[in-house]
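I opened this notebook page to record what I looked up in one structure. The entries follow the order in which I took up each topic.

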Amino acid sequence: MAAEATPRINARYLETFTNSTVRILGRVTSLRGESATVDANGSIQVHLNRDAHLTLNNAVEIIGKVQPDLSVKVFQAMDFGSNIDFNAVEAVVDATHRYKEIFYTAD
């Protein structure tokens, strides 16, 4: 059985991937209890799980499901620290969708 694809997206692609599991790398801009806001070329509201331990202003990679309201339910979150080249991150997201046949199947 093949693993489910988790395409890398940013805020621009949320609507396209509603009800899909995705990967997002962005900067934590706010934390409020069990939710946070992540800047990934636009603001994304995320609903954290108990295992998510985010740090304000650090980069985070989130694997989660895009909800109908375009928020993301977090399945897994990994702190990437503060030394991230977000231009490189955007280049990877761009390549993921420019050459989507390599990375995921469009439904």
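In soluble globular proteins, nonpolar side chains tend to be buried together.

I then listed the contacts (heavy atoms within 4.5 Å) of valine 72, leaving aside neighbours within four places in sequence. Among them are Leu14, Ile24, Ile44, Val46, Ile62 and Val66, together with Gln45, His47 and Lys65.

**Basis of the entries**

I note that this is a predicted model, in which local features need pLDDT of at least 70 and side-chain atom pairs count only at pLDDT 80 or more, while totals for chains, interfaces and linings use all residues. Residues are numbered from 1 along each chain as its sequence is written, and side-chain values use heavy atoms, with hydrogens and water left out.

**Whole chain**

I recorded two helices and six strands, in the order β-β-β-β-β-β-α-α from the N terminus. These are DSSP runs numbered from the N terminus: helices are H or I of at least four residues, strands E of at least two.

The radius of gyration, taken over C-alpha atoms, is compared with a globule rule of 2.2 Å times the number of residues to the power 0.38. The chain has 13 Å, which agrees with the value near 13 Å for a compact globule of 107 residues. The C-alpha trace spans about 35 × 30 × 25 Å along its principal axes.

I found that 38% of the 107 residues count as buried. Buried means under 20% relative accessible area, exposed over 50%, and partly exposed in between (1.4 Å probe, protein chains only).

**Single residues**

I checked two residues for phi. Asparagine 57, in the loop between strand 4 and strand 5, has a positive phi of about 75 degrees although it is not a glycine. Leucine 70, in the loop between strand 5 and strand 6, has a positive phi of about 70 degrees and is likewise not a glycine. Most residues other than glycine have a negative phi. Asparagine 57 is partly exposed at 47% relative accessible area, and leucine 70 is partly exposed at 30%.

Last, I looked up glutamate 4, which lies in the segment before strand 1 (8–9). Glutamate 4 is exposed, with a relative accessible area of 56%.
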